[in-house]
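Let's take a friendly tour of a protein and the two molecules it holds. Have the sequence and the 3D view ready, and follow along one ligand at a time.

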Amino acid sequence: MSSVIIISAPSGSGKSTLVNRLLATDGNLLFSISYTTRAPRGQEQNGQQYNFITREAFEDLIRRDQFLEWAEVFGNYYGTHRGILERGQAEGKDVVLDIDVQGARQLKERIPGAVSVFILPPSKAELLNRLRNRSEDSGETINKRLRGAVAEIGDYCRYDYVVVNEQLDTAFDQLRSIVQAERLKTGPGIRDRVERILETFKE
Ligand code: ADP
Ligand code: 5GP
């Protein structure tokens with residue numbers, strides 16, 4: 001049984017940087033590629049970071065109940081397709097979802113066993129710095145993201161874990177530890193392994 005790992009963060013906190021590093025170093029993780037109506041940014045490519053679709057196509061998927069969760073964030077739709085859990089299960093991988101606080105709330109209700117991690121920037125000044133250095137957003141969008149950050153950070157206590165991304169290496173080690181601890185929890189994730197050990201005791 002796959003673990004489901006939900007990761008949220010105010011935009012610019014370094015979530016993609018951390019998640020990409022996690023995916024590059026752990027072959028047992030499957031990233032959930034969301035659907036979105038926003039336009040691709042920077043080097044983003046359809047089917048890699050997101051599946052970029054029109055509002056009409058997104059609304060059609062909502063009507064056909066194809067989303068595990070969906071939300072409107074900064075004026076665009078974002079959603080997680082139902083198929084991701086079956087894929088994780090079929091491939092024997094744990095599923096990582098990069099979703100906002102509204103989506104995290106919906107998923108936790110649907111999958112109570114999911115683990116959720118909130119990534120924080122060390123301060124507002126550093127968040128602004130990172131958003132500016134990333135050079136992907138206009139001044140207006142950056143202001144919108146900063147205002148959004150305050151509301152999102154206020155929801156941190158709904159999450160199981162909090163990682164402050166000050167030093168990248170430290171934050172990465174903490175995130176990796178959470179994933180490892182999740183796999184060792186008494187529950188469906190470890191059941192198969194224990195059953196195989198028990199088999200060896202049978203005559
Ligand atoms: P998010 O996915 O949360 O929007 P990104 O991963 O795109 O954020 O990171 C925003 C910017 O901050 C990027 O330019 C990234 O290289 C930089 N960054 C990420 N983590 C750190 C860190 N710990 N210290 C300094 N800069 C960082
Ligand atoms: P960005 O446009 O910066 O890539 O993402 C904006 C926000 O949308 C981020 O907080 C990100 O976590 C969130 N997001 C991305 N995919 C999904 C999704 O499938 N569902 C929900 N609810 N939020 C998502």
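Predicted model: local features only at pLDDT ≥ 70, side-chain atom pairs only at ≥ 80, totals over all residues.

Residues are numbered from 1 along each chain as written, chains are lettered from A and ligands numbered from 1 in the order written, and side-chain values use heavy atoms, with hydrogens and water left out.

**Around ligand 2**

- Ligand 2 has 17 residues around it (a residue counts if one of its heavy atoms lies within 4 Å), and Ser 34, Arg 38, Tyr 50, Tyr 78 and Asp 98 come nearest.
- Look for its polar contacts, which are pairs of N or O atoms within 3.5 Å: a polar side-chain atom of Ser 34 lies 2.6 Å from an oxygen atom of ligand 2, and a side-chain N or O atom of Tyr 50 is 2.5 Å from an oxygen atom of the ligand.
- The backbone of Gly 79 also takes part, with an N or O atom 3.2 Å from an oxygen atom of ligand 2.
- Taken alone, ligand 2 exposes 520 Å², and the protein buries 95% of that (areas come from the Shrake-Rupley method with a 1.4 Å probe).
- The shell around ligand 2 divides into five nonpolar, five polar and seven charged residues (Ala, Val, Leu, Ile, Met, Phe, Trp, Tyr, Cys and Pro count as nonpolar, Asp, Glu, Lys and Arg as charged, and the others, Gly among them, as polar).

**Around ligand 1**

- Of the 14 residues around ligand 1, Gly 12, Lys 15, Ser 16, Thr 17 and Arg 134 come nearest.
- Backbone N or O atoms reach oxygen atoms of ligand 1 at 2.7 Å from Gly 12 and at 3.2 Å from Ser 13.
- On the side-chain side, an N or O atom of Arg 130 is 3.3 Å from a nitrogen atom of ligand 1.
- Ligand 1 alone exposes 570 Å², of which the protein buries 74%.
- Its shell holds two nonpolar, seven polar and five charged residues.

Conventions
Polar contact = N/O pair within 3.5 Å; in protein donor to acceptor, adjacent residues only side chain to side chain.
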